[in-house]
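User: Could you take a close look at one part of this protein for me? I'd like to follow a single stretch of the chain and then see how the rest is put together around it.

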Amino acid sequence: MTIRVLVADDQMMVREGFSVLLNAMPDIEVVGEAVNGREAVSKVRELAPDVVLMDIRMPELNGIEATREIVAADSAAKVLVLTTFDLDEYVYQALRAGASGFLLKDASARQLADGVRVVASGEALLAPSVTKRLITEFSKLSEGPRLMPSAQAAYGDLTERETEVLVLIAQGLSNAEIAGRLVVAESTIKTHVSRILVKLGLRDRTQAAVFAYEARLVTPG
């Protein structure tokens, strides 16, 4: 099945470059481009892409707000944030807004294509080194986001094993890696992940990771 991609960036050379690289892949098709966040939101409604490559800094509506609107509209599109720096403060805001992961703009063609495939499949695109930094960043937010009462109640509905899986998701492990760690079948982990998302009312495993960070289930070290 071909993965349909929308590229949103205010720089024409970046848009065209990514489009050329992705269209060269047999399983990926760039179905549209957007020059700002407002157009990205409109194009998602019009074209129903599977993945949106979203630049953060754009005019009219930035990538964070555009991501929030796309998620709020209950779109099936997954947002993959593009950033120049892996420690960009806006990355954390983008993940909270509903992005499924992020890539550096200097990623190779293979990394870009693999990133699109990973996000389209429902996995989180958070490299271990990035995950460690995210955990550290969230741990500093002592006055930052805490779980709402409704979220606390939902967290209480998780079984001990589901909580264990949630922590491993937040540490950046894939389903296969979690299965290996817990010595169970990968299909069992997929079932746990699905139940976790339903119980917590989350759209994907990246949001599950953010939930775990904000719940302080994962600490640096």
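Analyst: Happy to. Let's begin just after helix 8, where G172 takes a positive phi of about 90 degrees. Keep in mind that this is a predicted model.

Helix 8 itself spans residues 160-170 and is mostly covered, with eight of its eleven residues buried. The buried ones are E162, T163, V165, L166, V167, L168, I169 and A170.

E60 has a phi near 70 degrees, and E60 is a residue other than glycine. You will find E60 in the loop between strand 3 (51-55) and helix 3 (63-72). E60 is exposed, with a relative accessible area of 68%. D74 is not a glycine either, yet its phi is positive, at about 60 degrees. D74 belongs to the loop between helix 3 and strand 4 (78-83), and D74 is exposed, with a relative accessible area of 68%.

For a loop residue that is covered, turn to S100. S100 sits in the loop between helix 4 (89-97) and strand 5 (101-104). S100 is buried, with a relative accessible area of 1%. The side chain of S100 makes a polar contact with the side chain of D204, at 2.7 Å.

Five strands make up an open sheet in the order 2-1-3-4-5, and their pairing is parallel. Strand 2 (28-34) and strand 5 are the edge strands, each pairing on one side only. From one strand to the next, the twist averages 25 degrees. Strand 4 and strand 5 run parallel and are joined by four bridges; L80 stands opposite G101 in strand 5.

Helices pack against these strands. Helix 3 packs on the sheet and touches strand 3 and strand 4, its direction making about 155 degrees with that of strand 3. Helix 1 (residues 12-23) lies across strand 1, strand 2, strand 3 and strand 4, and runs at about 165 degrees to strand 2.

The side chains give another view. The largest nonpolar core has 25 residues, and V52, M54, V79 and V81 touch the most other members. Strand 1 (3-8), helix 2 (37-47), strand 3, helix 3, strand 4 and helix 4 each supply at least two residues of this core. A second, separate core has 24 residues, including I169, A170, L173 and A209. That brings us back to helix 8, where I169 and A170 are among the buried residues. In soluble globular proteins, nonpolar side chains tend to be buried together.

Leaving aside residues up to four places away in sequence, V52 touches L6, V44, A77, K78, V79 and L80.

Stepping back, the protein chain has eleven helices and five strands. Of its 221 residues, 48% count as buried. Among contacts in the protein chain with a separation of 6 or more, 68% are between residues 24 or more positions apart. The protein chain exposes about 10,600 Å², and carbon and sulfur atoms supply 53% of that area.

Conventions: Residues are numbered from 1 along each chain as its sequence is written. This is a predicted model: local features need pLDDT of at least 70, side-chain atom pairs count only at pLDDT 80 or more; totals for chains, interfaces and linings use all residues. Side-chain values use heavy atoms; hydrogens and water are left out. Buried means under 20% relative accessible area, exposed over 50%, partly exposed in between (1.4 Å probe, protein chains only). A polar contact is a pair of N or O atoms within 3.5 Å; within protein, one must be able to donate a hydrogen and the other to accept it, and residues adjacent in sequence count only if both atoms are side-chain atoms. A nonpolar core is a set of buried Ala, Val, Leu, Ile, Met, Phe, Trp, Tyr and Cys residues joined through side-chain atoms within 4.5 Å. Contact means heavy atoms within 4.5 Å. Accessible areas come from the Shrake-Rupley method with a 1.4 Å probe; for residues, only the protein chains shown count as cover. Two strands pair if DSSP finds at least two bridges between them. Axes are lines fitted to C-alpha atoms, for helices over the stretch in contact, and angles run from 0 to 180 degrees between N-to-C directions.
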